[in-house]
Amino acid sequence: MTAVLFQQVSRHFGAVRAVDSVDLAIAEGEFFAMLGPSGSGKTTCLRLMAGFEQPTSGHIEIFGETAEGVPPYRRNVNTVFQDYALFPHLSILENVAYGLMVKGVGKAERLKAAEEALAMVKLPGYGTRRPGQLSGGQRQRVALARALVNRPRVLLLDEPLGALDLKLREQMQEELKSLQKSLGITFIFVTHDQGEALSMADRIAVFNDGKIQQLGTPEEVYKRPKTRFVADFVGSSNVLPPDFVASLGFGNSHASLRPEDITLGEGPGRKPFSGRVVATSFLGAANRVTVEAAGARVAAMVPASLAVPAQGETVTLSFLAEDLHQMDATP
Amino acid sequence: MRSDKNTSAPLGLKIAAGAGLAFLHLPILLIFLYAFTTEEKSYQFPPPGYTLQWFAVTWNRPDVWAAMGLSVRVAAISTAIALVLGTLCAAAVSRTKFFGRETISLLVILPIALPGIITGIALRSAFSFAEIPFSFWTIVLGHATFCVVVVYNNAVARFRRVSGSLIEASMDLGADSFQTFRYIILPNIGTALLAGGMLAFALSFDEVIVTTFTAGQQSTLPIWMLEELVRPRQRPVTNVVAMVVVLLTFLPILGAYYLTRDGDQVAGAGK
C-alpha cells in the first residue's frame, strides 16, 4: 500500500518555488530518504507531509486519504524535529506522554506507554529528568520515543542525526534502521548527508531546486546517476564533458565515472585513456590521483598498496565501459 | 576562582554607597514615621508624640475608600486589557514575519518612552475631539496605553526564547490550538505575563499625570493624595495611605523581579 503519495505537488513562497511539481509514491514500511542541499525543497516536502505547510497546487494522499487542508493534529503522522523541540517545562516522561495526554488517554495508561517507549529507545528510568539535563544524543532518543508512542503510520525525521557527533551518528544510524525494521513503520527522513542516505534508506529521492532529480535505490543513485547534479552530489563522481566522452568512443553527452572504477594501467576489455597527473592526496585506504586528460579533470582511486605516480607524470588509466554512465542533457 | 571575595572596598566608597542608599530610602521611612505623629497640621521633626489613631481615622474616611477602590479597579482592568492585547501583540511580532513588523514594535513601545504629559494631552484632545465624556473608562484607556507596553516587553522577550518548533511539535503530537496554548505556550510565557501584569498594575496604581488629563470628576488614589497635601488638616491620614500604597506597589514589583529571574531557568532549560 502507498503510505504517502504526491501528485504534481508544488509549494511556492512568493516567487520562490520551494517545491516544484513533485511526484512521489512512498510504500508502506519503506525507509525513505529525501536527500539534497539546503534550499532544495526536501524539508518543505516533509512539512507538507506533516501538515505544517499546505501545497500551492497538486494533491497529497496519506494512506489513501486526501491530506490537503487536514491540520497536523489530525494526521496519523509524527515528526522528529531537527532541534528535537522537547518541551522544556515538562519532564521527560511528560514529554513522551504528551501526545497521549492531549488525546485524552488516562494518566496511568499513558505513563505506562511512555515508560515503555523510553525503554525502547534505551532510556529507561530517565522519566523524571528535564530535557535540559540530557545530552544531545539522549534528547534525540526522547524525541523519537515521543513520536513513536503515538503509534504513527508514518514517522518523519528532519535531519535526525544532524546535531550529533560522528561516532554517535553512526551508532544512531544502525539503531534507527533496526528500530524501523522491528516496528515496520514507514520512516521518511530528510538529510543533506549522502552517506547517511546511502547507508540507511531503502530508496532515495535526490532533490535540487524543488524538483526530484532522481528516485531510486541507493545503488542505482550511486552507480547510475541520472543527472550531473546527482553524480556530483551523491559521492564525488567524475562528471565528464561531452567532447571527452565522445573522444572515448561514446555518444556526445555528459557522463559520470566513479573514481573507484578507474584503475592505473591498461587491462583486457578496459577502455584506456592517458592523462597528466595534477594532484594526489592520501585518503588512508587509497590515494586519490587527479589527472588532466584532453581538458577534463578526472579523479581515480588508487589502492594504497600501489605506487603513487609523481605529479606531472603522464599515466595511462582504464575503466570498464559499463561503469561509464551517460546522463540526461539537463544539468 | 573568586579571588575578589576577600578584598574589601575602600572606606570612602563604602560611606558614599551608604549615603546614596540612605538618600534614596530615608525619605520613605520619614513618610512612615509621620503616619504615627500626634501633630496633624505640619510635618514637625521630631514628632511631638506617637499615636495609632490615624489608622482608625483613615479607616473611617469614605473618600479614602472611594479613591482606593477606583485606583484598584482602574489598575485591575487596565492590567487585564494590557495582558490580552500585549500578549497578542507580542505573539504577532515574535511569531510571524510581516511588512512593518519593526515599526509596529516601536509604535507599541513608544507610549512609555513619551513623557506622560504628552500622552495625557494627546488622549485628552483625542477624547474631546471624539466627544467621549471623561469617565472611569477614559482613565482605564489612558492607563492601558502604557500597561500594554510593560506586558508586551515582558512577553516578547519570552516569546523569542520559546522555540517555534515547540508549537509545531505540540500540533504534530495531536494537540489543537487551544491545547497547545494551554499546555505549551502558557506555561512557557506564564511567569513573564505575571511579571508584566504586576508591573503594569503597580504603574497604573500610582499614575498621576495621564490620570489628571483623562479623569473627569473622579480622583484616583495618587490624585486624592495630591489634593490632601494642600489641606492642613488630618495630614497623617495621607501618610497612612502612603504606607499602604508603598506596600501595595512594592510587593508586586518584588514578586515580578523574582518571577522573571526564575523564568530564565525555566525557559532556558531546553537549550
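Trainee: Is the crossing of H4(B) and H6(B) left-handed or right-handed?
Mentor: The crossing of H4(B) and H6(B) is left-handed, a term used if the near helix is turned anticlockwise from the far one by less than a right angle. This is a predicted model, in which local features need pLDDT of at least 70 and side-chain atom pairs count only at pLDDT 80 or more, while totals for chains, interfaces and linings use all residues. Residues are numbered from 1 along each chain as its sequence is written, and chains are lettered from A and ligands numbered from 1 in the order in which they are written.

Trainee: At what angle do they pack?
Mentor: H4(B) packs against H6(B), residues 136–161, at about 120 degrees, and their axes are 8 Å apart; axes are lines fitted to C-alpha atoms over the stretch in contact, and angles run from 0 to 180 degrees between N-to-C directions. The pair is therefore oblique, the class left over once angles under 35 degrees (roughly parallel), over 145 (roughly antiparallel) and 65 to 115 (roughly perpendicular) are set aside.

Trainee: Which residues make the contact?
Mentor: H4(B) brings Val108(B), Ile109(B), Pro111(B) and Ile112(B), while H6(B) brings, among others, Phe146(B), Val149(B) and Tyr152(B); contact needs C-beta atoms, placed from the backbone, within 7 Å.

Trainee: Why does Thr96(B) count as exposed?
Mentor: Thr96(B) counts as exposed because it has 9 C-beta neighbours inside 10 Å; the cut-offs are 12 or fewer other C-beta atoms within 10 Å for exposed, 20 or more for buried, and partly exposed in between, with C-beta atoms placed from the backbone.

Trainee: How much of chain B is buried, then?
Mentor: Of its 271 residues, 36% count as buried, and the C-alpha trace of chain B spans about 70 × 65 × 30 Å along its principal axes.

Trainee: How many helices and strands does chain B have?
Mentor: Chain B has 11 helices and 0 strands, where helices (H or I, at least four residues) and strands (E, at least two) are DSSP runs numbered from the N terminus.

Trainee: Switching topic, how many residues of chain A are in contact with chain B?
Mentor: On the chain A side there are 23 residues, in contact with 19 residues of chain B. Strand E6 (77–80) and helix H2 (92–102) of chain A each give two or more residues to that side of chain A, and H2(A) has the largest share, 3 residues.

Key. Contact = placed C-beta atoms within 7 Å.
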